Amino acid sequence: MKIEERCSMGQDGLGVSPANRGVRRSRTMLSAVLALVAGVLGSGCAREIPRDPVARWIDESAVPLRELGGGGDRGEVFGEAFERARVVGLGEATHGQRESFEAKRAITMHLIEHHGFRIVAYEASASAAKACDAYISGASDDLKAGMGGLGMMIWQIEENAALLRDLRAWNQRASAEERVRFVGVDVQDAEAAAASLERALKDRWSAEAAQVLSIRDRLNDRVSAMFSGNRAGYDELVRETDELGARLRAALAGAGLSPAEAAAFRGALREFEGCVRMHLTPGGRDRAMGELTVGALEDAGANAKMVLWAHNMHICRSPLRYLESDELAAGGHIARSLGDRYYAIGFAFGEGEFVANDLDNGTWIFRTYGIDPPSEGMLEYPFHAVLKEASIVDLRSQTGEEKVEHWKREGHPQRWLGGYRVPANIREMSRDATKFLPTYPREAFDALVFLPRTTGSTPIRSGSDAKGR
């Protein structure tokens with residue numbers, strides 16, 4: 001296959017993929033797509049052996065992403081990890097880098113085809129993301145509606161449309177047992193969550209259905225009051241929600257629902273409770289995301305396997321230091337349930353561009369930002385010094401090298417950025433290690449993908465133009 005024929009990433013907006021598009025063998029896809037992602041910069045010249053132990057370890061152990069599905073001794077550790085894992089978390093250092101999404105998509109399709117993963121979970125509203133599942137299952141042909149299920153403006157990019165197209169193409173070819181589901185595991189859309197739970201309740205438990213809508217109607221005001229210093233009303237609403245949840249779970253036990261109906265009911269209740277409770281503590285949202293992820297996995301059966309797409313800050317195993325909290329990130333809650341059967345892959349990058357949302361005269365737009373190479377002392381620095389193409393490094397294996405193991409345990413400033421309100425001087429900040437909070441590599445992740453150079457993701461045009469900076 002020619003590299004230009006990468007997995008259905010054509011610039012055809014929201015149109016349904018052409019009829020001749022199919023799911024290619026994922027090893028071929030990994031090789032082709034990731035060769036593009038890699039931006040291979042190597043030459044035939046002899047390379048100087050790094051003197052720094054950390055740089056030498058990275059140079060010797062890193063597996064180019066384009067080779068990840070092709071076997072080989074260095075890549076074997078990842079195949080073994082993928083076989084054992086029930087959840088593989090795929091992070092991202094920003095929400096707006098084309099190469100990050102392309103790599104995640106290719107790895108996802110590889111996990112689906114070669115390692116039995118049948119659920120793709122996303123940092124999106126659990127209720128709204130049902131539209132994504134409807135599209136990939138073939139129940140709907142409306143890709144625009146499917147993309148709407150992802151919710152946030154920052155997700156309205158061609159790279160996500162390509163993910164949904166590839167999952168749909170897989171399902172069209174797969175047997176019933178091999179078909180893939182799409183689920184959301186975020187809890188920021190209380191309106192959608194309440195509507196979903198109310199629909200599940202109204203035929204059997206009309207009083208409780210009305211109570212759900214009443215809690216929804218009071219939630220925003222109670223949260224606003226809490227942030228203004230009066231949290232009594234919010235705490236009362238949480239207690240009411242907890243009591244409602246306990247009653248509904250007791251009622252569910254004797255309701256005679258089918259397994260599928262019961263799972264849908266439990267998922268709707270978990271999401272609604274998470275939407276209400278997420279403001280209790282700084283880590284409330286991540287706790288809810290972790291519970292939704294584990295709950296969806298349990299409902300799918302003992303052998304279910306899931307790929308989770310979210311920001312590094314959510315998939316990591318470690319505490320939420322960026323919130324100055326000792327509470328665990330979503331990945332930490334998942335790891336508490338699954339142990340080493342949760343495999344967290346963080347992402348880092350060297351230089352280039354990314355896209356984020358920004359306000360322009362009161363209107364949210366896509367804006368492109370530039371990033372300069374990392375400075376010495378940053379987590380990305382030794383990777384950028386030796387890696388010339390997109391690669392993955394295993395953090396679990398013991399090297400026997402004291403300085404390397406110490407580096408894995410230490411904290412290093414890492415450039416993580418969100419989906420909006422990026423500082424205007426981010427290019428200057430990107431060179432200053434003091435401007436970023438530390439990542440403790442081994443504590444946070446099981447492996448790390450490094451992208452030497454990135455470009456911005458591709459916004460789907462909907463009347464507003466992307467602006468550059």
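**Figure 1. Helix α11 gives the most to the lining of the largest pocket, with nine residues.** In this predicted model, local features need pLDDT of at least 70 and side-chain atom pairs count only at pLDDT 80 or more, whereas totals for chains, interfaces and linings use all residues. Residues are numbered from 1 along each chain as its sequence is written, and side-chain values use heavy atoms, leaving out hydrogens and water. Two or more lining residues come from each of α5 (130-137), β4 (181-186), α8 (190-201), α11 (259-277) and α12 (284-299).

**Figure 2. The second largest pocket has a volume of about 600 Å³.** Of the 21 residues that line this pocket, M152, Q188, R285, G419 and Y420 lie nearest its centre. Helices α12 and α13 (312-315) are the elements that give two or more residues to this lining.

**Figure 3. Strand β11 (residues 447-454) is largely enclosed by the rest of the structure, because seven of its eight residues are buried, meaning under 20% relative accessible area with a 1.4 Å probe.** Strand β6 (residues 342-360) runs parallel to β11 and is joined to it by seven bridges, with A348 standing opposite F450. Strand β8 (residues 391-394) runs antiparallel to β11 through four bridges, and there I392 has V449 as its bridge partner. Helices (H or I, at least four residues) and strands (E, at least two) are DSSP runs, and two strands pair if DSSP finds at least two bridges between them.

Conventions:
Buried < 20%, exposed > 50% of the residue type's maximum accessible area, 1.4 Å probe, protein only. 1 Å grid on protein atoms, 1.4 Å probe; cavity = no way out; pocket = protein on both sides within 12 Å on 5 of 7 lines; lining within 4 Å. Points joined across faces, edges and corners; volume = space filled by probe spheres on them.
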